[in-house]
Amino acid sequence: MGLIQWFPGHMAKAKREISEYVKLVDIVIELRDARIPLSSKNPIVDDIVGKKPRLILLCKSKMADPKITKDWIEYFKKDGIYALDIDSISKYNINLIIPSIKIVLKDLIEKKQSKGLKAISFKAMVLGIPNVGKSTLINLLAKRKATKVGDRPGVTKTQTWIKVDDELLLLDTPGILWPKFEDQNVGMKIALCGSIKDEILDIEQITSYAINYIKKYYPNLLTQRYELETDIKDLSGEEIINLIGEKKNLYKHKGLVDTNRVNTMFLNDLRNIRIGAMTFERPNE
């Protein structure tokens, strides 16, 4: 398995700056991908945030398996962490974010109220890995195009303060990955979900990883999408790619399947939920 690493210069700079800015906020809103709630947890963020109150938002929840998402929310709850699943495209649970912030900051609110403060406002820092949906979410909360949005990782490169309303001020930050993935499965999952630029990836390697996982947990979704009439349980990833290529009539010459085209098609289908909503890791797995 080839190494997957991506730590551009602006990320190292962002880590230094975020360490300073975190002192100015009341709460950290950490965005994670609902499909990979552990793999999209940045260990650098733990070091930066420390004991600062935290709300975890499981983003892109419409792309994830809803049953497993509920399991993850319970998993975090047992650890004393408040988590909420959201989806910025469908606006699912977006209206629950500010009430959730108030739940997490209950002690701070009561402390301010005991001092006679009636108008209570909060500063929150938004953190997450690249392409997890930070800027899209902030624009939704601010009800305007407050930050630049892109469907690729690495769009936000500086810290920006955004006023949501009289109660909430948000700090948008660049998505930061960590210098080295100790577990390459983590790198695979992050790449699979589109948080590393495809240009530096081995698409065949990522596709093979995904197919082996889907074959184990969601075989029916795979066979239905590509109308495969064979039991894929005992087939290798390479054999399944060839089956899909034959079904889609994707050949290069002499009856050979164009595996590059199949891999690209498969990855696009996966990321655009054409195969189905799936989660790529489970609590206590």
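The largest cavity has a volume of about 40 Å³ in this predicted model. A search of the whole structure for cavities of 30 Å³ or more returns one. The lining of the largest cavity is formed by Arg35, Met63, Leu270, Ile273, Gly276, Met278 and Phe280. Sorted by class, these lining residues comprise five nonpolar, one polar and one charged.

Aromatic pairing was examined next. Seven aromatic pairs are present in the structure. In one of them, the ring centres of tyrosine 21 and tryptophan 161 are 6.4 Å apart; the planes meet at 70 degrees, so the arrangement is edge-to-face, the cut-off for this class being over 60 degrees. This pair links distant parts of the chain, with tyrosine 21 in helix 1 (residues 9-21) and tryptophan 161 in strand 5 (residues 160-163), 140 residues apart. Tyrosine 21 has a relative accessibility of 26% and therefore counts as partly exposed. Tryptophan 161, at 32% relative accessibility, likewise counts as partly exposed, because that class covers the range between the buried limit of 20% and the exposed limit of 50%.

Tyrosine 226 and phenylalanine 266 form an aromatic pair of the tilted kind, with 6.5 Å from centre to centre and 35 degrees between the planes. Tyrosine 226 belongs to helix 9 (residues 219-226) and phenylalanine 266 to helix 11 (residues 259-271), so the pair ties together parts of the chain 40 residues apart in sequence. Both tyrosine 226 and phenylalanine 266 are buried. Elsewhere, Trp72, Tyr75 and Phe76 are joined into a cluster by ring pairs.

The charged end of lysine 62 sits over the ring of tyrosine 92, at 4.3 Å from the ring centre. Lysine 123 lies over the face of tryptophan 161, 5.6 Å from the centre of the ring. Tryptophan 161 thus takes part both in the edge-to-face pair with tyrosine 21 and in the arrangement with lysine 123.

Helix 1 also contains lysine 15. With a relative accessibility of 33%, lysine 15 counts as partly exposed. When residues up to four places away in sequence are not counted, lysine 15 touches Ile44 and Ile48. The C-alpha atoms of lysine 15 and isoleucine 48 are 8.0 Å apart in space, while the two residues are separated by 33 residues in sequence.

Methods: Residues numbered from 1 in each chain as written. Predicted model: local features only at pLDDT ≥ 70, side-chain atom pairs only at ≥ 80, totals over all residues. Heavy atoms only, no water. Phe/Tyr/Trp six-rings, centres within 6.5 Å; stacked < 30°, edge-to-face > 60°. Helix = DSSP H or I, 4+ residues; strand = E, 2+ residues; numbered from the N terminus. Buried < 20%, exposed > 50% of the residue type's maximum accessible area, 1.4 Å probe, protein only. Lys NZ or Arg CZ within 6 Å of the ring centre and 35° of its normal. 1 Å grid on protein atoms, 1.4 Å probe; cavity = no way out; pocket = protein on both sides within 12 Å on 5 of 7 lines; lining within 4 Å. Points joined across faces, edges and corners; volume = space filled by probe spheres on them. Nonpolar A, V, L, I, M, F, W, Y, C, P; charged D, E, K, R; others polar. Contact = heavy atoms within 4.5 Å.
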